[in-house]
Each structure stands twice: as C-alpha cells, then as structure tokens.
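Colleague: Before I rely on any label in this model, I would like to hear how each one was reached. Could you take me through the values and the cut-offs behind them?

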Amino acid sequence: MTTTSTAYTAARTTARLDALVASVREAVGQGLPPDLTAYLVGERLAPHLGSADLLTPEQQEPDPSCYRQHLLHAERDGSFSVVALVWLPGQQTSVHDHVSWCTTGVHVGEERERRYRLVPATEGARAHLVATEDVINPQGAVCGFAPPGDIHRVWNACDDVAISLHVYGADISRIGSSVRRVYELPADR
C-alpha cells in the first residue's frame, strides 16, 4: 500500500527559507544513504543560520510551558520536513531517539546536548544509558545523524531564547514529531 502526503509550507514564509527548502530538496533528491544525506543537508543549512531574514516573527515565538515546534515545510512526497524549535531558558527535551536522519543547526543562541549509548540488559543488570558526550552548540553550529545510535537530550542553558532549525527525513506534518522513542531508563549522569 502506498501512502501519499500533502505538502505543507508555513502560511507565511521568507525568500531565504524558500531557497533553503529548494536546496534541501536537491540534496535529498540525490537518494544517498541517510548519514550522507544528513551531511549534505547540513552543508545547505549552515549558510542560512543567523540570518535575520530566515524566519518570520511568528516562527520565532516561544511557548512558556515547553519548547515550541514550528513546522515550516513538509515535502509533498514525505521525504523531508523543516522545523524551527524555539526554546526559552531551561526548556529541554526528554532523552529520546529519532524516526529518521536529522540535521540540526543553531540559528539563535546556544543549545546543549548530552548524547547517550544504550547498554542492553544482561542477566545481572537492567538496561541503562551511558552518557558518551556533552556538546555545546553555539549559533551557527550544525550536526547531523542517522539512527541507530542517536539517543540524546537537548536543552537551552542560555539566559535568552535559543532557536534551532531541524531538517528531518520524515513527514512531520503527518507524524507530528521526529521522536521515535523516549527513554525512561537509568542514566549514569
């Protein structure tokens, strides 16, 4: 059975965002493996980060209760979506992994990230997470990844708003979130 998606583009957009979407479309259209696609998308995303004309004021609005997701574009064939996440100080994700490859770039502010490795359960021990790396992503930083091995938690540790752009290899307009699984396992830190 084949499912199709309808394209979604934010009601208001900018010429720079339209150019970014066209560039991402070209990279994704090459049909490369997920890790290479994430890398190519990062190359296309980086030059737009920090540009005042990338997002409309509405696409930069936070939510006082939790970080806010603004869906900017979902490709008609479901091959990618572009999302802006807006974070007030202290807002964070749960520990999670993703349904697809992802490329992120910090547009405004700074984000912190803690990456984890899952240690499977054994006869004498429960499954648990081991922190493998803490990363500070300043404005302009870009990273990409593809499952498996993409378990992490992200938060805004700054004193001001942080905004990041996320390009997912999935149709966020249809599935609502890029999160595949939330981890409630014990972690070593």
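Colleague: In which strand does Glu 113 lie, and what makes that stretch a strand?

Modeller: Glu 113 belongs to strand E6, which covers residues 110-119. Helices (H or I, at least four residues) and strands (E, at least two) are DSSP runs, numbered from the N terminus. This is a predicted model, in which local features need pLDDT of at least 70 and side-chain atom pairs count only at pLDDT 80 or more, while totals for chains, interfaces and linings use all residues. Residues are numbered from 1 along each chain as its sequence is written, and side-chain values use heavy atoms, with hydrogens and water left out.

Colleague: Why is Glu 113 called buried?

Modeller: Buried means under 20% relative accessible area, exposed means over 50%, and partly exposed lies in between (1.4 Å probe, protein chains only). Glu 113 has a relative accessible area of 4%, so it counts as buried.

Colleague: Which residues are in contact with Glu 113, once its neighbours within four places in sequence are left aside?

Modeller: Contact means heavy atoms within 4.5 Å, and on that rule Glu 113 meets Glu 133, Asp 134, Val 135, Asn 137, His 152, Arg 153, Val 154 and Trp 155. As for Trp 155, it is 42 residues from Glu 113 in sequence, yet their C-alpha atoms are 6.5 Å apart in space.

Colleague: What is Glu 110 called, buried, partly exposed or exposed?

Modeller: Glu 110, also found in strand E6, has a relative accessible area of 22% and is therefore partly exposed. Not counting residues up to four places away in sequence, Glu 110 touches Ile 136, Asn 137, Pro 138, Asn 156, Ala 157, Cys 158 and Ala 162.

Colleague: And what makes Asp 134 partly exposed?

Modeller: The relative accessible area of Asp 134 is 38%, so the label partly exposed applies. Asp 134 sits in strand E7, residues 128-138, and its C-alpha atom is separated by 4.5 Å from that of Arg 114, 20 residues apart along the chain.

Colleague: Where does Ala 141 lie, and what does it contact?

Modeller: Ala 141 is placed in the loop between E7 and E8. Beyond its neighbours within four places in sequence, Ala 141 is in contact with Leu 49, Thr 104, Gly 105 and Val 106.

Colleague: Which peptide bond is cis, and what is its omega?

Modeller: The bond from Pro 147 to Pro 148 is cis, with omega near -5°. Pro 148 has its place in the loop between strand E8 (142-145) and strand E9 (151-155).

Colleague: How do you know that the radius of gyration of the chain agrees with a compact globule?

Modeller: The radius is taken over C-alpha atoms, and the globule rule is 2.2 Å times the number of residues to the power 0.38. For 189 residues a compact globule would have a radius near 16 Å, and the chain has 17 Å, which agrees. Of the 189 residues, 44% count as buried, and the secondary structure comes to three helices and 11 strands.

Colleague: How confident is the predictor, and where does pLDDT stay under 50?

Modeller: With pLDDT as the predictor's confidence in each residue, from 0 to 100, the mean for the chain is 89, and 92% of its residues reach 70 or more. Over residues 1-6, however, pLDDT stays under 50, and the model has eight contacts for them beyond four places in sequence.
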